[in-house]
Amino acid sequence: MAAVTTQTAAEVASLGEPPVAPLQTESFRVDRPQIVGPESPESPFPIRLSGPVQKGFGRGGKDLGCPTANLPDESLPPMSSVTKTGVYYGYAQVIPPRKDDDTLSRTDVEVLPMVMSLGWNPFYKNERLTAEIHIMHEFKSDFYGYLMKAVVLGYIRPELDYTSREALIDDIETDKRVALNCLQRPEYQKYTTDPHFS
Ligand SMILES: Cc1cc2nc3c(=O)[nH]c(=O)nc-3n(C[C@H](O)[C@H](O)[C@H](O)COP(=O)(O)O)c2cc1C
């Protein structure tokens with residue numbers, strides 16, 4: 001794997017230019033472990049985030065088959081000030097504005113497993129640092145503007161650049177499997193009932 005920066009995402013963002021990400025290699029793709037990290041979350045995790053869901057460019061759902069919910073810039077510092085860019089895993093919950101809301105189902109508002117991408121999406125050459133969360137669940141409807149809460153529990157891999165959309169999709173599918181394997185561990189499952197969630 002290419003050398004990975006030790007600078008936090010916020011430090012990189014303060015330089016004013018999107019960083020250059022390493023290109024995904026064939027050996028990275030075939031050698032990926034199916035479970036990563038320690039048996040229980042270690043500092044700086046858990047990291048608790050929350051904010052209203054914002055619209056991204058919409059390519060996650062259309063191009064990649066992986067819709068993502070973006071957090072606003074103001075919600076990033078608890079994460080971006082202590083972690084580097086990359087792909088992370090944990091739990092997330094969507095909270096409707098009203099108790100009697102029926103646009104989402106009962107299962108849609110549960111605490112659900114998620115993968116998160118923190119970075120500049122080098123494949124799409126974004127100009128700004130973003131945090132995008134893909135919740136591993138089929139939602140009944142969109143939930144832009146709804147409050148999203150997340151507890152980030154671990155790091156999976158660095159953000160990479162890709163020569164094809166298929167290779168990025170392939171890595172995201174692996175990220176989802178890795179995240180689910182990681183979250184099976186009892187010390188991680190405990191966070192489904194974290195007081196941060198409603
Ligand atoms: C788990 C996960 C991993 C991702 N990894 C990368 C990556 O390594 N490189 C990259 O350029 N984009 C990565 N992305 C970001 C996608 O490029 C991004 O979701 C896509 O640009 C859609 O954004 P949009 O909805 O704002 O259009 C990842 C997204 C997810 C959910």
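Asn 121 is buried, at a relative accessible area of 13% (buried denotes under 20%, exposed over 50% and partly exposed the range in between, with a 1.4 Å probe and protein chains only). The model is predicted, so that local features require pLDDT of at least 70 and side-chain atom pairs count only at pLDDT 80 or more, while totals for chains, interfaces and linings use all residues. Residues are numbered from 1 along each chain as its sequence is written, and side-chain values use heavy atoms, with hydrogens and water left out.

Asn 121 belongs to the loop between strand S4 (112-119) and strand S5 (130-135); helices (H or I, at least four residues) and strands (E, at least two) are DSSP runs numbered from the N terminus. Apart from neighbours within four places in sequence, Asn 121 contacts Arg 59, Asn 126, Thr 130, Glu 132 and Glu 159 (heavy atoms within 4.5 Å).

The side chain of Asn 121 also places an N or O atom 3.2 Å from an oxygen atom of the ligand, a polar contact by the criterion of N or O atoms within 3.5 Å. A backbone N or O atom of Gly 58 likewise lies 3.2 Å from a ligand oxygen atom, and one of Leu 160 is 2.7 Å from a ligand nitrogen atom. Of the 630 Å² of accessible area that the ligand has on its own, the protein covers 99% (Shrake-Rupley method, 1.4 Å probe).

In total, 23 residues surround the ligand, the closest being Phe 57, Arg 59, Phe 123, Glu 132 and Leu 160 (a heavy atom within 4 Å). The shell comprises 12 nonpolar, six polar and five charged residues, where Ala, Val, Leu, Ile, Met, Phe, Trp, Tyr, Cys and Pro count as nonpolar, Asp, Glu, Lys and Arg as charged, and the others, Gly among them, as polar.

Notes. A polar contact is a pair of N or O atoms within 3.5 Å; within protein, one must be able to donate a hydrogen and the other to accept it, and residues adjacent in sequence count only if both atoms are side-chain atoms.
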